[in-house]
Every structure is written in structure tokens, then in C-alpha cells.
Amino acid sequence: MGKGNRIRTERADERQAKKEAEKRKNKKAKINHIISMIVCIFLIVLLVGSLIFAAFKNTIDNHFLHSSVSVSSENYKLNNAEMSYFFNTQYNYFLNQYSSMLSYFNLDTTKSLKKQACTMAQKENYTWYDYFVDAAKNSIEEVFVLCEEAKNRNITLDDDDYKIIDDTIEQLNSAASKANISLKKYIEQNFGKNVTEEDIRNCATLQQIASKCYREVYNEPSYSDDAIAKHCADNMETYYFFDYKSFVFKAETEENASDEEKEAANKKASDNADALFKAAVSEQAFDSFVEDYYRKNNTIVADNADNASDQNVMTETKLKENVEKTLTTGAAYTTETDLGKWAFSKDESGNYERKAGDVTIINDKTNNTYTVYYLVTPLYRHEYNTKNVRHILIATDTSNTGEGLNDEAAKAKAEEILAEFKAGNQTSDAFGDLAEKYTMDDGSKTTGGLYENVKKGQMVSEFEDWIYSSERQAGQTEIVKTSYGYHIMYFVGDGSTSWQVEAEEGLRKADYDEVYTNFKEKYTIEYNEKNLKKLSTIGA
């Protein structure tokens, strides 16, 4: 074959090889395209299937929550969605109360409650999920028992009761709005997936029925003054108090102190306590000893001294404060302290033997301290008059929960309401009508903002200071700001003597507890433990 023919033949072969390679390339590309299409279709089918499955599962879960009964009595029942509301309410309350102590309780909010052991109860294989189920049961039991008794007594809800229920939902709406999410989403985040507004309304309705029955049962008994006085006298450890002074001497030693050094420090503390014990022949003598002790063991300087802020220096003002802090008033009896046992100790005849001026030393060996106690006022009951007051609360929202107004708006609203009151008939009943209309305090909404027989220590300090002011007169009004918001106050007048109020409350509580025990025997509450294992929980 000639050179020209050979070249032409080679070129023809090359062209043929290129054609064959191009065919194979196109075929491979076509196959890859087909495979890609198949994979894409598969992924789409898988995604759609997943979405369908998720929607189907959600529908199934939703159906189960609302069709499965977890708690029931003769006339009432809770499905799993409603029970989830009670469960998560207990969970949220625990987190709010102990937010800084969760590690102490070994509770991890990022993990499933069912996989975390709870040591709050001495039970084997007891989880935090079990703990909150039990907490919800305890809450629900009284609700169901009282609802059954309410039905027995023909207790029904009125417009005011339904208004309270509506307000509960409105608070959730407001909170959801402030969080910039829907009410449905807010409920899901706080009370469990598939829990609905209707579920919460049903639960709130049961709670309102129970609350109305409780008030009727609690207030049913009538007590004479003699019966109240006898109950108080028979239970002095509950209704009597005492005032005392105290000062602590601690055996101070270095961490690596020898036994001899520890013994010497202990003896020094004991000797100091003995010295105060002997010197404390009066309140003034007690205070003088304590002041001298501070002066001997500290550098005392004037308030404006250059070294007033140094670590081992005490100012005259601080010294005075420390001496004043030795006084404790209104101490109550407790079996948990040696002080309570001493203050309420009895003689051989069974009479309380402590008197003003009695002194004792109590040694706490665990903390290496000797405390000297001087009894200022022996056992006494509260003789002051309680106070009756109406108020209208315009709450401020300090935590962005949706349960109040901003400070400026709340203040303006309070001033507007007070002006409305002053422009009309300025009576207690007229104020009560405004309270029912405007107040954001559910505890007094149905009573026209009225709190009767308010004891010292019952309300926040600003509220208490206002009603217990010596300048207060019946019919006075004023706006008072507290941590809750702005209160439009209306002073009604003096209530009953404090000890009588306390003793009557004790009688009522004891009688209620006895009656409630009978109710529990009368009405049976049943739990479906299988369904209770499948509640909708928030968090992990």
C-alpha cells in the first residue's frame, strides 16, 4: 500500500474511532442523565413520602392525644392533650422556680425526661418524666374531686367565671403576640405539640369549677369568737411568736490547723459566749457587750474616713447596723431548731416557762459555733388590726411574657382609671365595679378588688406600707407602684385582730382538710397509666 493510501486509511480509522468514542460518550451521558432523573425522581418521591408520612404521623399523634383518656372520674375526663397541658404546666413551674439549680437536681433540659433518673423520690427506675406526671396527678386530683362535689351541689359557672377563663386565653394571645408568633405556635412551645386553645380552655373551665367549689366549702363553717380563742390557746405553737437577740461566736481556725489549735479556738469561742451569757442582764447590756466586742476585734472608723472601705475596717454606721441586726422579731416555733424548742419549753406542770430576759447558749458542733440567745419578748400573739382594702392592678410586663403593659402605658392607664373613679360616685362599691372591669389581678377580680383582713407580711412591701400607714383613712385613694405594676388603692378600713384572723384561717383549713378527705373517699379518680406514658412534652 502506497504512503498516500496508508495515511488516508489511518485517517479514516481515526475518524471512525472518534465516531465510536463520541457514540460511547453520548450513550454514557444519556445513561447518566437517565440515572440522574431516576435519582431525582426517587428523592422527590422520598421527600414527598416523608412529608406525607410526617403529616400522617402528626395526624395520628393528634388523634391519639385527643381520643385517649388519661384521667377520669364519674362525670369528668381529660384526654392526653389536656393532660399534657397540666404536665407541661408543672414542668414550666419547676423550671421557673429552680432555673439556677437544675444542675443540682441533675435535670438536663436538652435531654429527654424519660431518659433522666430523678432522685426526688426514692423509687426504682424513676425518671423526671415520672416526676412531672405525678406532679400533674396531684394537681388534677383536687380539681376532679372538687368538680364532682360541685356537680353534687349544683355549682355552675356564671358570666364572671367565664370572663376569667377568657382572660386566661387572652393572656396567652398577648404573650404570643409579643413573641411574634401565632397562638398555636406559642401553645405548642409551652404546653406540647398538638395541644390546642380548646384544650387549654377545657382545663381552665375545670379549674374554675373546682375553685368555685373550694371557696364555698372553705367558707361554709361558722365559728364563734370563743371557738376561735380556744383554738388559738390550744395551738400556741402555731399562733404565738417571740422576739430575741442573738450573737454568734465562731471557732475560727486555718484549714490545716492542728487539733490543739482547733481546741484552743473552740475554747475561745465558748469563753466569749459564756461572757456574753453572764453580761446579758438586759437588752442594753447585751447590745453594749456586742458593741464592745466589735470594737476590740475590728478597726472602727468614721463613715468618711479614708480607709472606711478597707476589708478589715468597720465604720460607725456599720457597727450600729450590726448591733441592730442582733434583734429578730416575730420568730415562730419550729421543731427543727433548738431555739424554737427552748423558747416554747414547758415546766413540769405543762406551762410555758420562758420569760423576758432569759438567756441560753446553743452550740452547733457541725459549724463550730456558740450562739447566745436573749429572749426579748416571750410568747405573744399578734394583736394588731388587719386591714381591708380594694385595689385595681394594672400590671407591668417586666419579663416580656405578654401579661402586662410597659411601664409608661401602665402608669397612664392607672391614672386614667383613678380619674374615672374621682369623676363619679366615689364609694367602695363604685370602686369595686371599676375593679371588676379593669383589674389584672385574677385573685380579686370577682370581689371587686377587695382583700379583707390583710395581715402584715402578706403583700409586697409598698402595698403593705400604704395600707398600714398611720395616716390612712377610710375612702382614701392613691396609686402605688410595686414589682407587679401600678395599683389604684382604695382604703376600706380596719379588719379583725390578726391573731383572730390567723386562728380562724387555721380552723377553716383543718375543717376543709377533713371534708376534702371525705370527698376523696366519695369520688374515685382513675388514671390510664398506659396513656400517661405518651404525653406531649416540650423541650427535648
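Select E353 and R354 to begin: their side chains meet in a salt bridge at 3.7 Å, N to O, where a salt bridge is a side-chain nitrogen of Lys or Arg within 4 Å of a carboxyl oxygen of Asp or Glu. E353 has a relative accessibility of 35% and therefore counts as partly exposed, and R354, with a relative accessible area of 22%, is partly exposed as well; buried means under 20% relative accessible area, exposed over 50%, and partly exposed in between, with a 1.4 Å probe and protein chains only. The model on the screen is predicted, so that local features need pLDDT of at least 70 and side-chain atom pairs count only at pLDDT 80 or more, whereas totals for chains, interfaces and linings use all residues. Residues are numbered from 1 along each chain as its sequence is written, and side-chain values use heavy atoms, with hydrogens and water left out.

By the salt-bridge rule above, the count comes to 29 salt bridges. Select E216 and R153 next, a salt bridge whose closest N and O atoms are 2.9 Å apart. This pair links distant parts of the chain, 63 residues apart, with E216 in helix α6 (residues 197-218) and R153 in the loop between α3 and α4 (159-178); helices (H or I, at least four residues) and strands (E, at least two) are DSSP runs, numbered from the N terminus. E216 is partly exposed because its relative accessibility is 35%, and R153 is partly exposed at 24%.

Staying with helix α6, select E197 and R201, which lie four residues apart, about one turn of the helix. Their salt bridge has its closest N and O atoms 3.8 Å apart. E197 counts as partly exposed at 34% relative accessibility, and R201 is partly exposed with a relative accessible area of 28%.

Now turn to the strands. Select β1 (residues 69-72), which three bridges join to β2 in an antiparallel run, and the hairpin of four residues that joins β1 to β2. Within this pairing V71 has L78 of β2 as its bridge partner, while S72 stands opposite K77. On another selection, β13, S72 has E526 as its bridge partner, and two bridges join β1 to β13, again antiparallel. Together the three strands form an open sheet in the order β2-β1-β13, where two strands pair if DSSP finds at least two bridges between them. The edge strands are β2 (77-79) and β13 (526-527), each pairing on one side only.

For the surface, select Y98, M101 and Y104, a nonpolar patch with about 320 Å² of accessible area together. Accessible areas come from the Shrake-Rupley method with a 1.4 Å probe, and for residues only the protein chains shown count as cover. Patches are made of residues with over 30% relative accessible area and no salt bridge, like charges being joined within 9 Å and nonpolar side chains (Val, Leu, Ile, Met, Phe, Trp, Tyr) within 5 Å. Y104 lies in the loop between α2 (80-97) and α3 (128-152), and counts as exposed because its relative accessibility is 63%.

Finally, select E254, E255, D259, E260, E261 and E263, which gather in a patch of negative charge on the surface. E260 has its place in helix α9 (residues 259-279), and is exposed with a relative accessible area of 58%.

Methods. Lys and Arg count as positive and Asp and Glu as negative; His and the chain ends are not counted. The place of a charge is taken as NZ of Lys, CZ of Arg, CG of Asp or CD of Glu.
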